Amino acid sequence: MDNASLRRVVWNGSIPCRIELDPAESRVFDAAGPYFISLPRMSYIPLYIREVYQFFEPFLIDTNIPKVGNAWLEFENVPLKWHWPVGVLYDLFTGRDPSNLREEEDEEHRLPWNLTLHFQNFPSKHLMRMDTPSSFQDVWINCVKEAAFSRHGNAKAVMSLSKAESTKLWEGLSSHDFERFWNINDKLIAESSGPLRSFAIRVYVPSTPRVVQQPVPPFLESKEPQTIGTALHSLLPELFPSKRTPVLARPVVHGVVVSMSTPLAELVQVAVNPDGFLHITLAMSS
């Protein structure tokens, strides 16, 4: 399977979700019914929150208070960061180990993913507010620039996009249109954008607020290509004492446990997220 086909498979991944309105915010005695939606792994909560709001609007106690900008979702009392990809949120907060699935899987791992929608008591200590309709777009494009800087030492590839190309990139993401998005994004991660200085990687450590983001060069001092195992050994030696064997944790990318020997250059080409980063969550060994 070529890179384009693998990218499409990754792009089409989704998480079935069951969203309930906080009963304390519902005017219906026995609570409003849940809203079922399949959220793309490669997308973001803000792109779908208006759709969810419109479903629950008739059940709200006071529609003057709840606004799309006040909306937030939580899973088991943990507010979900709206600027993180949906797939990252699911893999991180469920702690699911895709390599060790059992028929009698724990209730918390069962799909659909059960989430609760709130409009009140916004957790400002944990989440940024979406003050304007363009808030998410601004945050996302800044992430794209940050990833480009990590790769090439500058954000020229992003800054040099024409207005039409920038619009097409954003519309491709917001409408989850594979061809429209990748037609532009391919230019941003291609070697023609400049020599690769380092990989843009974020590693999420379960049960902690820790997100590791450090430059990972494409080659080791031995001139051998960087693998996901060598990178994790460098970034988190306490969790990855071995470069080849996952002893204490396994790397998960888009819901799949990735072999420690996987070359990062190959993985990035097919698994990079729309913000330009390769997001890696960890499944801790039991």
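## A guided tour of the predicted model

Begin by selecting helix α4 (residues 135-152) and helix α6 (residues 163-174), which pack at an angle of about 110 degrees with their axes 12 Å apart. Helix α4 is thus roughly perpendicular to α6, a label for angles of 65 to 115 degrees. Axes here are lines fitted to C-alpha atoms, for helices over the stretch in contact, and angles run from 0 to 180 degrees between N-to-C directions. Helices (H or I, at least four residues) and strands (E, at least two) are DSSP runs, numbered from the N terminus.

This is a predicted model, in which local features need pLDDT of at least 70 and side-chain atom pairs count only at pLDDT 80 or more, while totals for chains, interfaces and linings use all residues. Residues are numbered from 1 along each chain as its sequence is written, and side-chain values use heavy atoms, with hydrogens and water left out.

Phe136, Gln137 and Trp140 of α4 make the contact with Leu169, Trp170 and Leu173 of α6; contact means heavy atoms within 4.5 Å.

Now move to the sheet. Five strands form an open sheet with mixed pairing, in the order β7-β6-β10-β8-β9. The edge strands, β7 and β9, each pair on one side only. Two strands pair if DSSP finds at least two bridges between them. Select β8 and β9 to see antiparallel pairing over two bridges; Val252 has Val257 of β9 as its bridge partner. Helix α3 (residues 86-94) packs on this sheet, where it touches β6 (201-204), β8 and β10 (278-284). The direction of α3 makes about 15 degrees with that of β10.

From β8, step into the loop between β8 (249-253) and β9 (256-257) and select His254. Phi of His254 is near 55 degrees, a positive value in a residue other than glycine. His254 is buried, at a relative accessible area of 17%. Buried means under 20% relative accessible area, exposed over 50%, and partly exposed in between (1.4 Å probe, protein chains only).

Lys223 lies in the loop between β7 (211-212) and α8 (228-235) and is exposed, with 68% relative accessibility.

Finally, select two cysteines. Cys17 is buried at a relative accessible area of 2%, and Cys143 is buried at 9%. With a disulfide defined as a pair of cysteine sulfur atoms within 2.5 Å, the count comes to zero disulfides.

Key
Angles under 35 degrees count as roughly parallel, over 145 as roughly antiparallel, 65 to 115 as roughly perpendicular and the rest as oblique.
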